[in-house]
Amino acid sequence: MFKTLSEQIAILQSRGVIVDDNSSNQRLLLDNNYYNVINGFKDPFLISASPDLYKSGTKFEEIFALYDFDRKLRSLLLEYFLIIENDCKTKIAYDFSSRYNENDYLNIDNYNSIATPEEKIRISRFLGELGKKLDRGKTNGIYVHFINANPPKTIPLWAAVNFFDFGDIRELYSFLDDTVRFNIANYYSISQNNLDTMLSCINMFRNVCAHDNRVMKYIIYKKNMNISNMPIHTNLKLKKDTVGNYLFGKKDLFSVFICFKYLLSDKLFNDFFDELIKHLKILNSKLTTISINDVYMQYGLPLSDPATGQLDWKSIKTTSKW
């Protein structure tokens with residue numbers, strides 16, 4: 001049922017939320033949507049969810065600060081997802097072109113030579129979709145440059161990758177011949193399977209961020225897209241469940257940080273980490289009802305545990321990845 005901005009604020013106040021400045025907070029709700037702000041980020045402030053009852057002293061500004069942090073986190077993640085995407089595109093184009101003709105990337109014979117008949121069908125369909133993407137880009141300057149040449153030229157892979165999104169690159173890598181897959185993974189000093197799972201993880205989180213959905217509490221729901229066990233899981237002494245599976249860093253936001261640790265240069269990883277800490281400090285300064293540790297747990301970031309030896313998530317910056 002439709003509620004005016006005043007009615008929305010009255011509902012929050014009836015549930016124990018302190019709203020100090022109606023006019024400015026009404027504007028925040030008008031600009032950002034009650035559902036996105038409140039329903040998306042109320043959980044850590046609740047003592048009861050049916051009906052909603054908030055912890056004593058909860059302020060609307062705190063809930064909004066968490067919402068705003070998540071929004072800034074999405075932008076930060078996207079910035080580094082794009083860096084990894086461009087890096088992978090460059091490496092794939094280089095290694096494929098060094099082994100095959102740079103114009104022959106739509107030829108199924110240049111992909112997994114031991115693929116099953118079912119896999120060959122998947123590869124054929126995928127390459128068909130890539131061809132369609134190129135056709136849809138006929139007004140793109142890159143396309144025009146090659147097609148309008150005299151004589152017309154086929155768009156080489158190193159230029160064609162600009163038409164492909166992260167999901168395309170993830171699939172393209174998975175279909176490549178083992179030799180090319182090995183060479184690309186070797187740039188990062190990880191295995192082919194490691195890179196497969198990391199690209200899948202990043203692709204899932206990238207889609208969340210690109211569609212402006214909440215990162216808080218998001219976990220990868222597809223089992224085969226959880227990242228592989230890496231040395232840093234062991235080095236951080238992350239807890240395991242009763243059957244030996246890590247409780248952190250497999251399908252949560254922390255798994256993205258682990259991907260960054262392996263796929264970004266040390267400088268870029270540190271730049272990302274330092275910017276993240278800045279946003280967390282701003283958020284922490286606005287919290288009075290919950291602690292910053294409560295926020296970490298909402299995002300799947302492990303806290304130190306003397307009983308098990310588990311290190312705090314921030315230790316990832318200085319902990320060896322090997």
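K317 is partly exposed at 29% relative accessibility, a class that lies between buried (under 20% relative accessible area) and exposed (over 50%), as judged with a 1.4 Å probe on protein chains only. The side chain of K317 meets that of D274 in a salt bridge, with 2.7 Å from N to O, where a salt bridge is a side-chain nitrogen of Lys or Arg within 4 Å of a carboxyl oxygen of Asp or Glu. This pair links distant parts of the chain, 43 residues apart, with K317 in the segment after α14 and D274 in helix α13 (residues 266–285); helices here are DSSP runs of H or I with at least four residues, and strands are runs of E with at least two, numbered from the N terminus. D274 is also partly exposed, at 34%.

This is a predicted model, in which local features need pLDDT of at least 70 and side-chain atom pairs count only at pLDDT 80 or more, while totals for chains, interfaces and linings use all residues. Residues are numbered from 1 along each chain as its sequence is written, and side-chain values use heavy atoms, with hydrogens and water left out.

A salt bridge also joins the side chains of D305 and K239, at 2.7 Å from N to O. Because D305 lies in the segment after α14 (292–298) and K239 in the loop between α11 (231–235) and α12 (253–263), the pair ties together parts that are 66 residues apart in sequence. D305 is buried at 17% relative accessibility, whereas K239 is partly exposed at 28%.

The structure holds 22 salt bridges, and R15, K42 and D52 are linked in a network of them.
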